[in-house]
Amino acid sequence: MTASPTRHDVHIRRATPDDAAPLAAFGARVFAETFSTDNRPGDMALHLAATYEPARQARELTDPALTYLVAEVDRALVGYALVKSGAAPACVPPRALEILRFYVDRPYHGTGVSRALMAECIALAERRGAAALWLGVWERNARAIRFYEKCGFRVVGSQHFTLGTDVQTDRVMVRESDPRRPPAVLPGRRQEEA
């Protein structure tokens, strides 16, 4: 019997160009597993083809505005976050970084992987001097919304997200940085430079 991973079993690192194909396959699989039952097959197919293609991930890995953070347990990819600098909705404070994607494989939900990955996103924002982190989450994804709230995010507005041809509503959530708090460091591991 395999023990469930704990926070100390999780290794978070920056992605490299060699990660393009695994990130594309993982992202497509996790997105489909999470959202296929609530969306039309044609819209899912359009979104997956446009978003999770190795060449696109390869381009994103060289984009200075994007940072992929990979979560591994026993050297296996179990989650990743994509953090982006750039434009944000008006309801988001200036100088905020966006968590554009945040995916953890279903067998690792509730094992500390999500918290470790989010802690690294928060630490990245703090090291870069961001005033806040923000993200868009589908209004029907109650589990994700609860997780983000536990991590200190709050709903500040909404925005549209187009899945294939279906225009949906995302809640915009923000977590402000606290300049009085020291940068987040995960217990039991060395903080890596962003």
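Helices (H or I, at least four residues) and strands (E, at least two) are DSSP runs, numbered from the N terminus. With that in hand, open the structure and follow along.

**Before you start**

You are looking at a predicted model, in which local features need pLDDT of at least 70 and side-chain atom pairs count only at pLDDT 80 or more, while totals for chains, interfaces and linings use all residues. Residues are numbered from 1 along each chain as its sequence is written, and side-chain values use heavy atoms, with hydrogens and water left out.

**Stop 1: the whole chain**

Show the protein as a cartoon and you will find 5 helices and 7 strands. Walking from the N terminus, the elements come as β-α-α-α-β-β-β-α-β-α-β-β. Now colour by accessibility: of the 194 residues, 45% count as buried. Here, buried means under 20% relative accessible area, exposed means over 50%, and partly exposed lies in between, with a 1.4 Å probe and protein chains only.

**Stop 2: the sheet**

Select the strands. They make an open sheet of 7 strands in the order β1-β2-β3-β4-β5-β7-β6, with mixed pairing. At the edges stand β1 (10-14) and β6 (154-163), each with a single partner strand, so one side of each is left without a neighbour in the sheet. Turn the view and look along the sheet: neighbouring strands are turned by 30 degrees against each other on average, direction ignored. The axes behind that angle are lines fitted to C-alpha atoms, for helices over the stretch in contact, and angles run from 0 to 180 degrees between N-to-C directions. Two strands pair if DSSP finds at least two bridges between them.

Next, zoom in on β7 (residues 166-176). On one side, β5 (residues 132-138) pairs with β7 in the antiparallel sense over 7 bridges. β6 also runs antiparallel to β7, joined to β7 by 9 bridges. Which residue of β7 is the bridge partner of Gly136? Select Val172 to see it. Val172 is also the bridge partner of Gly157. Then follow the chain from β6 into β7: the two form a hairpin with 2 residues between them, and Gly164 in the turn has a positive phi of about 65 degrees.

**Stop 3: β2, β3 and two loops**

Move to β2 (66-73) and β3 (76-85). These strands run antiparallel and are joined by 8 bridges. Pick Glu72 and look across to β3, where Leu77 stands opposite.

Most residues other than glycine have a negative phi, and most peptide bonds are trans. Arg75, in the loop between β2 and β3, has a positive phi of about 65 degrees although it is not a glycine. Arg75 is exposed, at 79% relative accessibility. Arg95, in the loop between β3 and β4, likewise has a positive phi, near 60 degrees. Its relative accessibility is 59%, so Arg95 counts as exposed.

**Stop 4: salt bridges**

Show the charged side chains. There are 10 salt bridges in the structure, each being a side-chain nitrogen of Lys or Arg within 4 Å of a carboxyl oxygen of Asp or Glu.

Begin with Glu60. What does Glu60 form with Arg56? The two form a salt bridge, with the closest N and O atoms 2.8 Å apart. Glu60 and Arg56 are 4 residues apart in helix α3 (residues 54-61), about one helical turn. Glu60 is buried at 7% relative accessible area, whereas Arg56 is partly exposed at 27%. Glu60 also meets Arg101 in a salt bridge (3.1 Å, N to O). Because Glu60 lies in helix α3 and Arg101 in strand β4 (residues 96-104), this pair ties together parts that are 41 residues apart in sequence. Both Glu60 and Arg101 are buried.

Now go to helix α1 (residues 20-35), where Arg29 and Glu33 are 4 residues apart, about one helical turn. Their salt bridge has its closest N and O atoms 3.2 Å apart. Arg29 is partly exposed at 34% relative accessibility, and Glu33 is partly exposed at 37%.

**Stop 5: the largest pocket**

End with a surface view. The largest pocket has a volume of about 1200 Å³. Of its 47 lining residues, the closest to its centre are Phe35, Phe102, Asn141, Ala144 and Tyr148. A pocket is found on a 1 Å grid over the protein atoms alone, as an open set of points where a 1.4 Å probe fits, with protein on both sides within 12 Å along at least five of seven lines; lining residues have an atom within 4 Å of a point. Grid points are joined across faces, edges and corners, and the volume is the space filled by probe spheres set on the points.
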